[in-house]
Amino acid sequence: MIRARFVITFAAIACLVFLAACSAKPRVPKTFLSDRELNLEEFFEGKTVAYGQFQDILGNVPRRFSVDIDGTWDGETLTLVEDFVYDDGATEQRIWTLTKTGADTWTGTAPGVLGTAEGIERGDTFNWKYKIDLPIKDGTMRVKFDDWMWLLEDDRLLNRAYVSRFGVRIGEVILFFEKK
């Protein structure tokens, strides 16, 4: 009886992990949908505003937010001061320091980020990956972000971030950036 329960539980967990792993995510493209070139240092220099929400894997939207971003580029380092305002009135500030490490590669740090974030720009697309201790109501939760950004217009950027914990996707963040 106990063995049968174990086998059923193991099979159910294996199916869930398999389904989560099969859900498709974007890839750095070989061909592009537009001839636009995303240059983070150009897009984020100055004032930008973003609007977004977190959606869990069940489709629930437990949190929405807006972000005012002030970006400065000194020729090597892009500093982004992000001021978040959540729908419940909570606020948060995150300061990113991004360094251009090659023609299309970036690294970055911010408080709460574990180690160094890494990113790659290709055409109108940017992929950014990092682990972070994300602030939540009762403390922090360690998650991994797989961020994808697409330049829609010279002043508009779409961002879809896949959020996982212990290797299993728990939700995603959708953001829309607009230059001020």
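## Rings, strands and a charge: worked exercises

Arg 63 sits over the face of Tyr 86, 3.8 Å from the ring centre; a charge counts as over a ring if NZ of Lys or CZ of Arg is within 6 Å of the ring centre and within 35 degrees of the ring normal.

A quick note before you start: this is a predicted model, where local features need pLDDT of at least 70, side-chain atom pairs count only at pLDDT 80 or more, and totals for chains, interfaces and linings use all residues. Residues are numbered from 1 along each chain as its sequence is written, and side-chain values use heavy atoms, with hydrogens and water left out.

**Exercise 1.** Work out how many helices and strands the protein has, and their order.

*Solution.* Step one: helices (H or I, at least four residues) and strands (E, at least two) are DSSP runs, numbered from the N terminus. Step two: count them, and you get two helices and 10 strands. Step three: read along the sequence, and the pattern is α-α-β-β-β-β-β-β-β-β-β-β.

**Exercise 2.** Describe how Tyr 130 and Phe 145 pair up, and what the pair ties together.

*Solution.* Step one: rings of Phe, Tyr and Trp (its six-membered ring) pair if their centres lie within 6.5 Å; planes under 30 degrees apart count as stacked, over 60 as edge-to-face and the rest as tilted. Step two: Tyr 130 and Phe 145 are 5.2 Å centre to centre with 5 degrees between the planes, a stacked pair. Step three: Tyr 130 lies in strand β7 (residues 125-136) and Phe 145 in strand β8 (residues 139-153), so the pair ties together parts 15 residues apart in sequence.
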